[in-house]
Amino acid sequence: QVQLVESGGGLVQPGGSLRVSCVASGSIFRINAAGWYRQAPGKQRELVATDTGGGAPNYADSVKGRFTISRDNAKNTVYLQMNSLKPEDTAVYYCYLDLTLTNFRRDNYWGQGTQVTVSS
């Protein structure tokens, strides 16, 4: 059984910063890849950032230079540092993990989402 718990969302003024976290617990052997997605009201879920571990992270054009994805494999935790936030960044942010479990089964998991609101 694997659980993903997100935290760190909230209300921030334009130009501010937030860091959201995603902690995975359970019988985890390895994080193969990680990603952050977001969904704004009335819009489809979109990719924000991915880290496959095999090269440089990939970012949506709208967040390049402002957002940074990182992970602490020892803590099974993935972060999204968001700087210079804009009102259009307002959305529910979801983490996504591609995991290998201790039984060597590989599967994908989603967090429950955390609300980020950018407003003055």
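The model is predicted, so local features need pLDDT of at least 70 and side-chain atom pairs count only at pLDDT 80 or more, while totals for chains, interfaces and linings use all residues. Residues are numbered from 1 along each chain as its sequence is written, and side-chain values use heavy atoms, with hydrogens and water left out.

The chain contains zero helices and eleven strands (DSSP runs numbered from the N terminus, helices being H or I of at least four residues and strands E of at least two). In order from the N terminus, the elements read β-β-β-β-β-β-β-β-β-β-β. The radius of gyration is 14 Å, close to the 14 Å that the globule rule gives for 120 residues, so the chain is as compact as a globular protein of that length (the radius is taken over C-alpha atoms, and the rule is 2.2 Å times the number of residues to the power 0.38). The C-alpha trace spans about 50 × 25 × 25 Å along its principal axes. Of the 120 residues, 44% are buried (buried means under 20% relative accessible area, exposed over 50% and partly exposed in between, with a 1.4 Å probe and protein chains only). Among contacts between residues at least 6 apart in sequence, 56% join residues at least 24 apart (contact means heavy atoms within 4.5 Å).

The largest nonpolar core has 32 residues, of which Trp36, Leu80, Met82 and Tyr93 touch the most other members (such a core is a set of buried Ala, Val, Leu, Ile, Met, Phe, Trp, Tyr and Cys residues joined through side-chain atoms within 4.5 Å). Two or more residues are given to this core by each of strand 1 (2-7), strand 3 (18-26), strand 4 (28-39), strand 5, strand 7 (67-72), strand 8, strand 9 and strand 11 (114-118). Strand 9 provides the largest share, six residues.

One disulfide is found in the whole structure (a pair of cysteine sulfur atoms within 2.5 Å). The link is formed by Cys22 and Cys95, with sulfur atoms 2.0 Å apart, and is right-handed, with 45° about the S-S bond.

Asp51 lies in strand 5 (residues 46-51) and is buried, with a relative accessible area of 10%. Its side chain makes a polar contact of 3.1 Å with that of Arg71 (a pair of N or O atoms within 3.5 Å; within protein, one must be able to donate a hydrogen and the other to accept it, and residues adjacent in sequence count only if both atoms are side-chain atoms). Apart from neighbours within four places in sequence, Asp51 is in contact with Ala33, Ala34, Ile69 and Arg71.

Positive phi values also occur in loops. Ser84, although not a glycine, has a positive phi of about 50°; this residue lies between strand 8 (77-82) and strand 9 (91-101) and is partly exposed at 40% relative accessible area. Phe104 has a positive phi near 70°, is placed in the loop between strand 9 and strand 10 (106-110), and counts as exposed at 61% relative accessibility.
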